[in-house]
Structures are given as structure tokens and as C-alpha cells.
Amino acid sequence: MKGLKTVFALAIATVMFVSCGDKKQDKASQAEAPTTEAKAEKEETVRILITGDDQMKFNKSEIKVPVGKKIKLTLKHVGKMDKNVMGHNWVLLKPGTDMTAFAEQAAKASATDYIPASEKDNVVVHTKTLGGGESDTIEFTITEAGTYDFLCSFPAHFAMMKGKLIAE
Ligand SMILES: [Cu+2]
């Protein structure tokens, strides 16, 4: 009788051990799948962070990107000032656009977040206009190699807040 009990206990222990081991394996394979996917997406996507501050400056004046890859760009206003006083956006213009003419129109376009309707064809992509502490992320792909101007189109900011995006 004692012997039988031991065998029984051993059998239960074996079942528990095996099922436990199976569960662990399941968890491992479940965790592996999304990690691989995230890795693949990470390799496909170029991430760029640009900051604008209360001193009316971007932290970058030149950005290099690969042609044809998905770009995830975040603009972060790291200052404290209000959008109406120190608003910042990030606007990418098509090559050949007259930046000064664009900025003049943009300054009058507060109703459309400083993206003038008359200049829409000259804009590749743009973020929202942000106040202190806010951020906006946009996704885009550059399909043609070249040098593109970017600027903040908030009134009178472009003289200080501009730069070049080089797509290769
Ligand atoms: Cu600005």
C-alpha cells in the first residue's frame, strides 16, 4: 500500500512537471513572435525626434533620411510657452518652393494652423502647431532623392527655425 502511494505521488509530480514545462514553452514562443515583428518594423522605420523650444530654435538644422523608407517624425515642443505666443510646427516643403513667400502666406493663415491653402501644393508633409509640452508624430515616405527645406511656419519663426532634409 505504501509503495502504491509513492508511485501515485510520483505520477502526479511527473504530470505537474510536464504540464508546467509545456506552459513555459508556450509562453516563450508567444513572446517571441511579437518581438520579431517589432524588430522588423523597427528596421523598416526611420525614427526622428525634433524639438522646438522657447528660444525659437529647433535642435536640428539638417536631417538625413533614406529614400523610400517609412519615416516616423516626432516634433516635441520642449518649452513652456503657449501655442499662441510661441507655437511651433514642422513643415517640409517641396524642392524649389520659395520659403520666404511660403512663410509670408503662412503667417496670415492662423485659421488653418499656419498652413496656407494657397501653398498646399508646396507642402510635402507637416505637423500640427504645438504649444509648450505638446508633441505630434507624423509618418511619411520620401520617394524622390533631393534636398528639401523645412521650417516652422508660425509667424516670424522661419528666420530662426529652418533647416534642410536630405533624402538619399
Ligand atoms: Cu516656431
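Glu-139 is placed in strand E6, where helices (H or I, at least four residues) and strands (E, at least two) are DSSP runs numbered from the N terminus. At 44% relative accessibility, Glu-139 counts as partly exposed; buried means under 20% relative accessible area, exposed over 50%, and partly exposed in between (1.4 Å probe, protein chains only). Not counting residues up to four places away in sequence, Glu-139 touches Lys-70, Ile-71 and Lys-72, a contact being heavy atoms within 4.5 Å. From Val-125, Glu-139 is 14 residues away in sequence and 8.7 Å away in space, C-alpha to C-alpha.

This is a predicted model, in which local features need pLDDT of at least 70, side-chain atom pairs count only at pLDDT 80 or more, and totals for chains, interfaces and linings use all residues. Residues are numbered from 1 along each chain as its sequence is written, and side-chain values use heavy atoms, with hydrogens and water left out.

**Confidence and overall organisation**

- The average pLDDT of the chain is 85, and 74% of the residues score at least 70; pLDDT is the predictor's confidence in each residue, from 0 to 100.
- Over residues 6-31 the pLDDT is below 50, and this stretch has zero contacts in the model beyond near neighbours in sequence. Where pLDDT is low, the predicted coordinates should not be read in detail.
- Three helices and eight strands are present in the chain, following the pattern α-β-β-β-α-β-α-β-β-β-β along the sequence.
- Of the 168 residues in the chain, 34% are buried.
- Among contacts in the chain with a separation of 6 or more, 72% are between residues 24 or more positions apart.

**Copper site**

- His-88 (ND1), Cys-152 (SG), His-157 (ND1) and Met-161 (SD) coordinate the copper ion at 2.1 to 2.8 Å. Donors are N, O and S atoms within 2.8 Å of the metal (3.2 Å for Na, K and Ca); water is not among the atoms, so sites may look incomplete.
- The four donor atoms make angles of 81 to 131 degrees, and the site is irregular. Four donors count as tetrahedral if all angles lie between 85 and 135 degrees; four count as square planar and six as octahedral if opposite donors are over 155 degrees apart and all others between 65 and 115; anything else is irregular.
- The donor residues are spaced H-x63-C-x4-H-x3-M in sequence.
- Cys-152 and Met-161 are both buried.

**Strand pairing**

- E1 and E3 are parallel and joined by eight bridges; two strands pair if DSSP finds at least two bridges between them. Thr-45 has Lys-70 in E3 as its bridge partner.
- Six of the eight residues of E1 are buried, and the strand is mostly covered.
- E2 (residues 62-65) has Ile-63 and Val-65 on a covered face and Glu-62 and Lys-64 on an uncovered one.
- E2 runs parallel to E8 (residues 162-167), with four bridges between them. Opposite Ile-63 stands Leu-165 in E8.

**Nonpolar cores**

- The largest nonpolar core has 24 residues, of which Trp-90, Leu-92, Phe-140, Ile-142 and Leu-165 touch the most other members. A nonpolar core is a set of buried Ala, Val, Leu, Ile, Met, Phe, Trp, Tyr and Cys residues joined through side-chain atoms within 4.5 Å.
- At least two residues of this core come from each of E1 (45-52), E2, E3 (70-77), E6 (135-141), E7 (146-151) and E8.
- Another core, of nine residues, lies apart from it and includes Leu-93, Phe-102, Ile-115 and Leu-151.
- Leaving out residues up to four places away in sequence, Leu-165 touches Ile-63, Val-65, Trp-90, Leu-92, Ile-142, Gly-146, Thr-147, Tyr-148 and Phe-150.

- Val-123 belongs to strand E5 (residues 123-126) and is buried, with a relative accessible area of 13%.
- Leaving aside neighbours within four places in sequence, Val-123 is in contact with Val-91, Leu-92, Leu-93, Lys-94, Phe-102 and Ile-115. Val-91 is 32 residues from Val-123 in sequence and 7.0 Å from it in space, C-alpha to C-alpha.
- Asp-113 lies in the loop between helix H3 (99-107) and E5; its phi is near 60 degrees, a positive value in a residue other than glycine.
- Tyr-114 lies in the loop between H3 and E5 and has a positive phi, near 65 degrees. Tyr-114 counts as buried, at 12% relative accessibility.
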